Amino acid sequence: MTRLALALAACLLLAGPALAISDPSEALPNKQEEARAVAIGRQLRCLVCQNESIEDSGADLARDLRHIVRQQVAAGRTNQQVIAWLVKRYGDFVRLKPPFEPSTYLLWFSPVLAVAAGAGIALMARRSRPAAPPPLSPAEQQRLRQILDT
Amino acid sequence: MNRRRLLLMVPFAGVVVAGAGFLAMLEREQEGKFDPRSVPSQIINKPVPAFSLPGSPGFASTDLRGRPILVNFFASWCIPCVEEAPELMALRRQGMPIYGIAYKDKPDATAEFLARHGDPYAKLARDEAGLVAINWGVYGVPETYLIDKQGIVRWRNVGPLTPQAVTAELQPLLRRFA
């Protein structure tokens, strides 16, 4: 059993992190620029697979978008400018992290709302619970003892 | 006690409301009115993004003016494009000008596709790099856009054009922007 566990642990260690599948020829020669392009790409949704970032996706469109991000990074555009360029074409949906604005308040506040609703229900349930019965009087205690003894 | 019972009903009511919501969503999805994967177009009611593409004879954004025109992004390697081919041919027979943009396709393959499934296009351009498509916000083929006579994008259809989409969506818009 322990041997199996050890073998599994070894597999996990050997597997290492899944890196972007982009082939090395896509990367920018400048290490810093490449790091910045990866950071931007991680925030952008692949529109074909939809639950992957363009850095992780193998889709054709994702490769094109990675290329555009790298071109713009190399041209010295800021992260915000690159993301805005894509949002202009594909909308906020292209951002994996939705922006904080009136239409997304419900989304962002939903954890707080859920906790508040749960706390409210717990509080109300507690309040409506009947009070504990008063302690037994000496006469009642004596009677109880009698019953138990017989 | 009464209040407690009422509180116990809250989770049940929540489940009922959520269930009704999901049911409505599924029904709308089945009727084709709702697609959870569709990405809303960002160029509706905006001028056509500027471009100029080669082809036979090819066309540019400035050509999309003067009358309502359909622009259809397609590819010979795209299966849903085969599905919508009869619908495009029917529109062409009704006199609707359709301009085609072959997305990431080889000219020979495009020609073969049109020979096999019919050529509904008044003009045909090639977007081999797929960059013009990105400027339009295209994320798959086929996609079809209606451009009004001022060169403003009025409608987009993602996926194969269906007879329902033509009668329920396209035709009312054509009457409005004729």
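Two residues are in contact if their C-beta atoms, placed from the backbone, lie within 7 Å. With that cut-off in hand, this briefing on a predicted model turns to helix α2 of chain A, whose buried residues pack against α3 (60-74) and α4 (79-90) of chain A.

**Helix α2 of chain A**

- Spanning residues 31-42, α2(A) has twelve residues and reaches 16 Å from its first C-alpha to its last, which is close to the 16 Å expected at 1.5 Å a residue.
- The buried residues in α2(A) are A:A37, A:V38, A:I40 and A:G41, and because they fall within an arc of 165 degrees when seen down the helix axis, they line one face of the helix.
- On the other side of α2(A), A:K31 and A:Q32 are exposed.

**The contact between chains A and B**

- Chain B contributes 14 residues to the contact, and chain A contributes 14 residues.
- On the side of chain B that touches chain A, α1 (2-30) and α4 (131-136) of chain B each supply at least two residues, and α1(B) gives the most, with four residues.
- By class, that side of chain B comprises six nonpolar, five polar and three charged residues.

- Leaving aside residues up to four places away in sequence, B:I147 touches B:V48, B:L64, B:P68, B:I69, B:V71, B:I152 and B:V153.

Key:
Residues numbered from 1 in each chain as written. Chains lettered and ligands numbered in written order. Predicted model: local features only at pLDDT ≥ 70, side-chain atom pairs only at ≥ 80, totals over all residues. Nonpolar A, V, L, I, M, F, W, Y, C, P; charged D, E, K, R; others polar. Expected span 1.5 Å × (residues − 1). Buried ≥ 20, exposed ≤ 12 C-beta atoms within 10 Å, placed from the backbone. Arc of directions from axis to C-beta.
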